[in-house]
Every structure is written in structure tokens, then in C-alpha cells.
Amino acid sequence: MSRYWSDLVQRLMPYMPGEQPASAHPIKLNTNENPYPPSPLVLAAIARELGSAGETLRRYPDPLARRLRATVAAYHGLKPEQVFVGNGSDEVLAHTFASLLKHERPLRFPDITYSFYRSYARLYNVRYRAIPLAGDLSIRMDDYLGDVGSVLFANPNAPTGRALPLADIERIVAGNMSSVVAIDEAYVDFGAQSAVPLIDHYPNLVVVQTTSKARSLAGMRVGFAFGHVSLIEALNRVKDSFNSYPLDRLAQVAAQAAYADHHHYRMTCERVIASRERMKRALQSQGFDVVPSTANFLFVRHASHDAAMLVARLKDQSIFVRHFKQPRIDQHLRITIGTEEECDAVVAALRELLA
Ligand SMILES: *Cc1c(COP(=O)(O)O)cnc(C)c1O
């Protein structure tokens, strides 16, 4: 606290990311990064962009990321004007709050979801109502019907991993035609249905995606919004009032190359999904309740072992998983799906701790 702070700063609730461990060889299963490297095409594209002397770095990047947007638009069967890019989907979400989710009626999102939504609501002074998830941690579609105002949720939801089927998403979008419905699809690639095919039918739908999870580029910071041209225009107006060059040159070519290697992307997702199902069975056999997941993590709880204690004991062994000190979920662990070896290591460590 300082007397030099603005009123705004005093009101903020900054997001707390998962710990970035300092230890030499941690098993890091706490921030849902991809355990596998990006496509080799990504490295080649970065090298090509740098050239031998880094000559291009002198120049500003394309403020509109035109090539990247054209590639990703073609990938999804959209027009480039239906694609917005930002410095990670976190930035895209922030601009979405500022440009599309602030209205008379409060924004609705689930009580248990990505905690950044509350941070953005504070930053942009957006009123919201947190709608309780059902007892099984699923989103109750009926809570979001009836033209209730803007709606935002992650599908699959985080940190639960549960997804709604596309038919339910469509009912929510169609049921709120006077407001924007934003779907955060950070984890959609691991088995859920994307709402992108609805975009041409609903002018009030925004779908947010990222290269951080399924495309192994968390370190590059590239995220997208897809939607009607006029919604994308709103995002661009905010972007150009904030930072005209959100994506550097290397990020633009890296993300573009990632979308050119569909095979690598499919193989990576399939490996993660196979490991998830294997780890799910192993944890269930140890007595864990496992929330059904279509994401690259599992949300689990043990009836007779305290979650905070398990997290601390795992950390003693340099195994990092995520724990949320929040009502209703403070007995859960969120475990990112790592490599086969990392999954085996966390399962073995838990087996010993439970014994
Ligand atoms: C990881 C994550 C994001 C942010 O991704 P970046 O593109 O890395 O900023 C957004 N939403 C949810 C739900 C996430 O888990």
C-alpha cells in the first residue's frame, strides 16, 4: 500500500498464477502446460524470422498479425476479419471484459472457474454474479437462460475439467441474444466440442482460444478470439487504445507454424488424452474421486486424506500440483497431465503417501 497508488490499484484482486518452482528438476504439474515440445516447424519458423543477424528485430511487427490471422481463419473456416489475436488469451479475455461484457446487467460466470475472471471484473469495474455450479461441479445450463445478460464460462471449465455439449452451449448463446456470450476454450482440444462452428449463426458469440495448452506455446503468449466481424472490431478498438503491437515477430511466426502442423498437434493431444485416462484409472483405484475431464488435467479428491497435506507432501518430493484454498474445492487437487513418466511419478508418490 502506498499513498501514490490510484484508487483503482487499491481495489484490484490480482490473479495468483501457479508456482514456478526454483528447484532443479521439478515435476511441474501445476499450471497445465503441455508436457511435449511444440512442432519442429515452430523452431524452424523462429530461426527463419531471426535470420543470421536478427536483422528483422529492428522493425516493429505487423500490428494486425495478418498472416497469422489468415492462417488461423482458414484453419477454422472463418474470414480473417472474424479473428482477433492477443498476447495470450489472458489479454484477449481482458479486452473482452473491457469491450463486450460490461453492461447494465451483471455478467454471469460460474462460482468455480478460472479465477482471472474476477480479476478482470475488478480491473474494468464490471459487475458480476457468480452462479454456483451443481453439486457434481457441472454448469447448470438453466441458470444461464432467459436473456439474463452477458455470460462467460470456460468449456471445458477450469479447474473442474467438465465440459458442456455443444447443444447446451448453443441453447445458452441462443437464449441470450441481447448480450454477448463468451466461451473460453483454452482446453477444448483435449476432447470437448468447440463452439466455433456456431459463429456464423450467432452475432453475440465470442470464442476465445490459446496456443498455450494444446500447441505447447505457453512461453510465446498467443491467444485468439473468434466472432462476428463487429465483435472483433470492438476488440481491435480496445487493443489500439492499449498496445498496437501485442504480438512480437517471433510469436507471430511461431503460432502460424504451429497451425501448419496438424499432425503434430493431433499426436500431442492424443498422447495427453491417453495419459489422462490412464492416470484417471490409477487414481480411482487408490480411492480418489475423479471429476470427468475433457481437459489436460484431472480434478481429484480423496475422502480420507486432506488435500493441503497431500500437496505439501508432494512438494517435499519436488512434485508440484495445484490446490485452491476456496470454499467447496479446498479438498481437491488439480493435477496437470504430464509425460507418461511424470504421471507415473505422481501416481507412485500418492500411493506411498496414502499407505
Ligand atoms: C491457461 C488458461 C488461459 C490463458 O491462457 P494464455 O493464452 O496462456 O493467456 C485462459 N483461460 C483458461 C481457463 C486457462 O486455463
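In which loop does alanine 65 lie? The legends below take up this residue and several other sites.

This is a predicted model, in which local features need pLDDT of at least 70, side-chain atom pairs count only at pLDDT 80 or more, and totals for chains, interfaces and linings use all residues. Residues are numbered from 1 along each chain as its sequence is written, and side-chain values use heavy atoms, with hydrogens and water left out.

**View 1. Two residues with positive phi.** Alanine 65 lies in the loop between helix H2 (40–50) and helix H3 (66–76), where helices (H or I, at least four residues) and strands (E, at least two) are DSSP runs numbered from the N terminus. Its phi is near 45°, a positive value in a residue other than glycine, and at 1% relative accessibility alanine 65 counts as buried. Here buried means under 20% relative accessible area, exposed means over 50%, and partly exposed is in between, with a 1.4 Å probe and protein chains only. Arginine 328, in the loop between strand S11 (319–321) and S12, also is not a glycine and has a positive phi of about 80°, but arginine 328 is partly exposed, with a relative accessible area of 38%.

**View 2. Two cis peptide bonds.** Asparagine 155 and proline 156 are joined by a cis peptide bond with omega of about -5°, and proline 156 is found in the loop between strand S5 (151–154) and helix H6 (166–174). Another cis peptide bond, with omega of about 5°, joins alanine 158 and proline 159, and proline 159 likewise lies in the loop between S5 and H6.

View 3. The protein is divided into domain 1 (18–38 + 263–354) and domain 2 (40–260), with bounds that come from an automatic or database domain assignment, and the centres of the two domains, taken over C-alpha atoms, are separated by 25 Å. The contact between them, meaning heavy atoms within 4.5 Å, takes 29 residues from domain 1 and 30 residues from domain 2. A nonpolar core is a set of buried Ala, Val, Leu, Ile, Met, Phe, Trp, Tyr and Cys residues joined through side-chain atoms within 4.5 Å. The largest one has 51 residues, and among those with the most contacts inside it are Leu68, Ile169 and Leu205. Helix H8 (residues 249–260) gives the most to this core, with 7 residues. Both domain 1 and domain 2 give residues to this core, so it lies between them.

View 4. A backbone N or O atom of serine 89 lies 2.6 Å from an oxygen atom of the ligand. For the side chain of tyrosine 187, an N or O atom is 2.5 Å from a ligand oxygen atom, and for the side chain of threonine 210 the corresponding distance is 2.5 Å. On its own the ligand has 380 Å² of accessible area, of which the protein covers 93%; accessible areas come from the Shrake-Rupley method with a 1.4 Å probe.

**View 5. Histidine 332 and its contacts.** Histidine 332 is found in strand S12 (residues 332–336) and, at 5% relative accessibility, counts as buried. Leaving aside neighbours within four places in sequence, histidine 332 is in contact with residues including Leu137, Val291, Phe299 and Arg322.

Notes
A polar contact is a pair of N or O atoms within 3.5 Å; within protein, one must be able to donate a hydrogen and the other to accept it, and residues adjacent in sequence count only if both atoms are side-chain atoms.
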